[in-house]
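Please open the model in your viewer and keep the selection tool at hand. The tour below moves from one selection to the next and says what is found at each stop.

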Amino acid sequence: MPLWGTASGPPPPMAEGGGGTEGSAGSSSSSGAAAIRSLLPTRRRLRLDPPSKLYFPYEPGKQVRSAIRIKNVSKSHVAFKFQTTAPKSCFMRPPGGILAPGETIIATVFKFVEHPENNEKPLDQKCKVKFKIVSLKVKGPVEYVPELFDEQKEQVAVEQILRVVFLDAERPSAQLDRLKRQLAEAEAALEARKKPPEDTSPRIVGEGLVIDEWKERRERYLARQQIEGVDSV
């Protein structure tokens, strides 16, 4: 099944040069070099965990979650983007982003689980949905926009095509425990990003504004006296 919004692979880079015999020779040489490069294994910019699968708890009729850890193992900033064959029933958080060298993020993937057909056993049914992660080297910490991948199609690399694997939600397993830990980490990271940054700048007290700690203690003392007086009555 073709991946939504993607082609089968990035096109080979176009050769530069003028017309005439020299240009044709240069084009042939460049095309040959591009063909050789296409046969070589692509150096990964990202490290994925899990590396090739997305694990989901099997709960028919419900929206379930998976998680994947993405780390930039290159020496430059890298943009990444999720793609899927089922954009109407699946979505990713975040759908893409920019990672600095050595930076790690845990992405959450949401999927609606259909009920089994033709009396199939729940975990025996094959999920046709696939996910793909693509990457792009960018210059510095630029703002992420999906159009980055359209503007530099020849530089886009397919990091991995991820297959969906269902886990029995009622049967304890090491993989299910690991998934729960990753989901908890993803939620904690999301909450941390929502909080406003703490103001670490030194507090400046203007002229004529004196912080009187004794006055504050006295006000608290008088307030407690009033409360105790009401309680005694």
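In what follows, a residue counts as buried under 20% relative accessible area, as exposed over 50%, and as partly exposed in between, with a 1.4 Å probe and protein chains only. The model is predicted, so local features need pLDDT of at least 70 and side-chain atom pairs count only at pLDDT 80 or more, while totals for chains, interfaces and linings use all residues. Residues are numbered from 1 along each chain as its sequence is written, and side-chain values use heavy atoms, with hydrogens and water left out.

Begin with the open sheet of 5 strands, whose order is 2-9-8-4-6 and whose pairing is mixed. Strands and helices here are DSSP runs numbered from the N terminus (E, at least two residues, for strands; H or I, at least four, for helices), and two strands pair if DSSP finds at least two bridges between them. Select strand 2 (53–58) and strand 6 (96–99): they stand at the edges with a single partner strand each, so one side of each is left without a neighbour in the sheet. Neighbouring strands are turned by 25 degrees against each other on average, direction ignored, where axes are lines fitted to C-alpha atoms, for helices over the stretch in contact, and angles run from 0 to 180 degrees between N-to-C directions.

Next, display strand 4 (residues 78–84) beside strand 6, with which it pairs in the antiparallel sense over 4 bridges; within this pair, Lys 81 stands opposite Gly 96 of strand 6.

Now turn to the salt bridges, of which the structure holds 6, each being a side-chain nitrogen of Lys or Arg within 4 Å of a carboxyl oxygen of Asp or Glu. Select Arg 178 and Asp 49, whose side chains meet at 2.6 Å, N to O. Because Arg 178 lies in helix 3 and Asp 49 in strand 1 (residues 46–49), the pair ties together parts that are 129 residues apart in sequence.

Which residue does Arg 93 meet in a salt bridge? The partner is Glu 187, at 2.9 Å, N to O, and the pair links strand 5 (residues 90–93) with helix 3 across 94 residues. Arg 93 is partly exposed at 31% relative accessibility, and Glu 187 is partly exposed at 26%.
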